[in-house]
Amino acid sequence: KLASTAHVTMPYHRLLDMAMEQKRGLQKIGTTGRGIGPTYADKSQRNGIRIIDLLSREKLQERLKVPLAEKNGLLQKIYGIEPLILDEIIEEYLDYGKQLKIHIVDCNRTIHQAARKKKNILFEGAQGTLLDLDHGTYPYVTSSNTVAGQAAIGSGQGPSAIDFVLGITKAYTTRVGSGPFPTEQDNDLGRQISERGREFGTVTGRPRRCGWFDAVIVRQAIKINGINGIALTKLDILDGLAELKVCTGYTIDGVAVDHLPASSVSQAKAEPVYEVMDSWTANTQGARSMADLPATAVKYIRRIEELIEAPLALLSTSPEREDTILVKDPFAD
């Protein structure tokens with residue numbers, strides 16, 4: 001279902017996003033180029049187009065006049081892109097509205113009704129904590145809040161409605177796009193992990209950068225999100241490696257630190273401090289109980305729990321849904 005107040009990415013949003021990076025020589029921040037940044041900028045300026053607006057020709061025309069004139073001026077005068085035609089956009093997006101109409105709901109009312117009936121409600125977030133607009137590695141972030149607290153704002157629920165926060169993290173660390181990545185392995189090992197884990201961006205197809213598990217940033221994410229338990233994924237990708245390393249802290253200009261600082265200057269200087277752990281040669285792929293795992297794999301998991309200060313709730317050992325070890329059911333009373 002779609003909330004009626006969700007904002008629409010218009011064609012000029014994507015054009016602007018791509019033109020701003022490609023033609024103005026702006027610092028590459030690794031965005032998808034799909035126009036989400038300009039969409040949120042319009043939302044903040046009260047020029048946004050909402051899903052509900054696609055159901056009314058008069059409202060859509062009224063809402064489009066000002067932002068389209070503004071964006072066409074930028075596209076044509078600064079970037080040399082031909083202006084978009086108002087009537088063409090209206091017809092195209094009214095057609096989208098017709099197709100989406102049966103899926104559009106008053107989101108918070110729908111969820112409140114489900115809550116009254118004692119139904120299980122799952123809020124799913126997109127993107128990692130370090131891509132959060134306020135709490136991430138700014139400016140190498142997305143255009144909105146990705147932390148758990150956003151679930152209450154986005155759904156219209158009070159924070160007290162959320163009784164379990166499940167954090168999802170891999171058994172190693174990845175990042176897509178630019179930005180600080182202290183444990184990155186820009187070498188054969190990193191490429192091996194990338195190939196094994198099929199680490200490519202879901203939207204752009206860009207290869208993800210891969211590195212050792214960074215307990216510092218995961219611990220930070222645990223605190224920011226109020227996480228109750230973690231789902232540790234892709235343990236099997238580490239099968240057979242000669243050794244394993246876990247980042248337990250950083251040094252910045254020779255000084256030990258236990259967190260990723262807010263300063264982008266300091267972030268760029270962060271050098272990881274590693275704890276070397278025993279690897280395992282046994283195959284963990286498809287394991288469905290902790291008893292199926294080699295002792296060294298269990299030791300690796302337990303050490304991660306200690307370092308990030310959060311317990312394991314789920315463990316994934318393959319891309320298959322069935323290959324999941326459930327330690328704690330988030331929906332259990």
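**Labels and their cut-offs**

Modeller: Start with D239, which is buried yet has no salt bridge; R196, the nearest side chain of opposite charge, is 6.5 Å away. This is a predicted model, where local features need pLDDT of at least 70, side-chain atom pairs count only at pLDDT 80 or more, and totals for chains, interfaces and linings use all residues. Residues are numbered from 1 along each chain as its sequence is written, and side-chain values use heavy atoms, with hydrogens and water left out.

Biologist: What makes a pair a salt bridge?

Modeller: A side-chain nitrogen of Lys or Arg must lie within 4 Å of a carboxyl oxygen of Asp or Glu. D239 has no such bridge. The whole structure holds 17 salt bridges.

Biologist: How do you know whether R208 is buried or exposed?

Modeller: Buried means under 20% relative accessible area, exposed over 50%, and partly exposed in between (1.4 Å probe, protein chains only). R208 has 19%, so R208 counts as buried. E199 has 0%, so E199 is buried too.

Biologist: What of K269 and D253?

Modeller: Their side chains meet in a salt bridge of 3.4 Å, N to O. K269 lies in helix 9 (residues 264-269) and D253 in the loop between strand 8 and strand 9 (255-257), so the pair ties together parts that are 16 residues apart in sequence. Helices (H or I, at least four residues) and strands (E, at least two) are DSSP runs, numbered from the N terminus.

Biologist: Why is K269 called partly exposed?

Modeller: Its relative accessible area is 39%, so K269 falls in the middle class. D253 has 61%, so D253 counts as exposed. As for networks, salt bridges that share partners join K170, E199, R208 and K234 into one.

Biologist: What joins the side chains of Q99 and D95?

Modeller: A polar contact of 3.0 Å. Such a contact is a pair of N or O atoms within 3.5 Å; within protein, one must be able to donate a hydrogen and the other to accept it, and residues adjacent in sequence count only if both atoms are side-chain atoms. Q99 lies in helix 4 (residues 86-100), and D95 is in helix 4.

Biologist: Why does Q99 count as exposed?

Modeller: Q99 has 52% relative accessibility, so the label is exposed. D95, at 38%, is partly exposed.

Definitions and conventions: Lys and Arg count as positive and Asp and Glu as negative; His and the chain ends are not counted.
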